[in-house]
Amino acid sequence: MENQIPVAVQLTEKCAHCNADSKAEDTFCTQCGYPLKGTEAEQNKFISERQVEEIDMFTYNKTLRQASNTLYYLAGVFIFAGLIYFFIHKDEVDVVSVVVTNIIMAAIFLVLGAYSKRKPLACLISGLSLYVIVQVLNAIIEPISIAQGIIIKIVIIGYMIKGIKSAMEIEKIRKENNIA
Ligand SMILES: [Zn+2]
């Protein structure tokens, strides 16, 4: 007598939205949450919501890139400020400590900028915190510094706050759609 090997026959369908395989008994696509057994209206609603999210994602990613560029820009500002300080104060005793501090700050912002592609939220929050701390310290040491370049400072902080908001929205959308 021949052994009968039971073959599990599973009816699979493709999800109309993301093309993932789904089992016949699935009510929702396990990949994207598309209502496989929903009414046509429910399915259309799902697709139009996803389209809106895609447009949002595009805008959020753009804002995020601006914020990352702000981190690079700040790295440049610290290098530039360090150089200026060096040429003006090169005969003074504390010139080395100021220039070294500027180089360290530039290096930190460079790393944050580079790493912000992978961990945007953490990098932007760190960058913004660091920037604000530097401004506060400068204001304590030299109160007049707070007014210097006040518009550019507001723009920088604005870009970073917008970037942080976008990073949070992107994480939210990713969580909702199970995108790792
Ligand atoms: Zn799907």
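Donors are taken here as N, O and S atoms within 2.8 Å of the metal, a limit that is 3.2 Å for Na, K and Ca, and water is not among the atoms, so sites may look incomplete. The model is predicted, and every value below is computed from it. By that definition, the protein donors of the zinc ion are Cys15, Cys18, Cys29 and Cys32, each through its SG atom, lying 2.3 Å from the ion.

**Zinc site**

- The site of the zinc ion is tetrahedral, with angles of 107 to 111 degrees among its four donor atoms.
- Along the sequence, the donor residues of the zinc ion follow the spacing C-x2-C-x10-C-x2-C.
- Cysteine 15 and cysteine 29, which are 14 residues apart, link distant parts of the chain, since cysteine 15 sits in the loop between strand E1 (12-14) and strand E2 (21-23), whereas cysteine 29 belongs to the loop between E2 and H1.
- Cysteine 15 counts as buried because its relative accessibility of 2% falls under the 20% limit for that class.
- Cysteine 29, with a relative accessible area of 4%, is likewise buried.

**Largest pocket**

- The largest pocket has a volume of about 1,100 Å³, and its lining is made up of 29 residues, of which Phe78, Ala81, Asn102, Val134 and Asn138 lie nearest its centre.
- Two or more residues of this lining come from each of helix H1 (40-89), helix H2 (95-115), helix H3 (120-141) and helix H4 (150-176).
- The element that gives the most to the lining of the largest pocket is H1, with 10 residues.
- Sorted by class, the lining of the largest pocket holds 19 nonpolar, eight polar and two charged residues.

**Second largest pocket**

- The second largest pocket contains about 260 Å³ of space, and of the 14 residues that line it, Arg118, Pro120, Ile170, Glu171 and Arg174 are the closest to its centre.
- H1, H3 and H4 are the elements that give two or more residues to the lining of the second largest pocket.
- H4 gives the most to the lining of the second largest pocket, with five residues.
- The lining of the second largest pocket divides by class into seven nonpolar, one polar and six charged residues.

Methods
Residues are numbered from 1 along each chain as its sequence is written. This is a predicted model: local features need pLDDT of at least 70, side-chain atom pairs count only at pLDDT 80 or more; totals for chains, interfaces and linings use all residues. Side-chain values use heavy atoms; hydrogens and water are left out. On a 1 Å grid over the protein atoms alone, a cavity is a set of points where a 1.4 Å probe fits but cannot get out, and a pocket is an open set with protein on both sides within 12 Å along at least five of seven lines; lining residues have an atom within 4 Å of a point. Grid points are joined across faces, edges and corners, and a volume is the space filled by probe spheres set on the points. Helices (H or I, at least four residues) and strands (E, at least two) are DSSP runs, numbered from the N terminus. Ala, Val, Leu, Ile, Met, Phe, Trp, Tyr, Cys and Pro count as nonpolar, Asp, Glu, Lys and Arg as charged, and the others, Gly among them, as polar. Four donors count as tetrahedral if all angles lie between 85 and 135 degrees; four count as square planar and six as octahedral if opposite donors are over 155 degrees apart and all others between 65 and 115; anything else is irregular. Buried means under 20% relative accessible area, exposed over 50%, partly exposed in between (1.4 Å probe, protein chains only).
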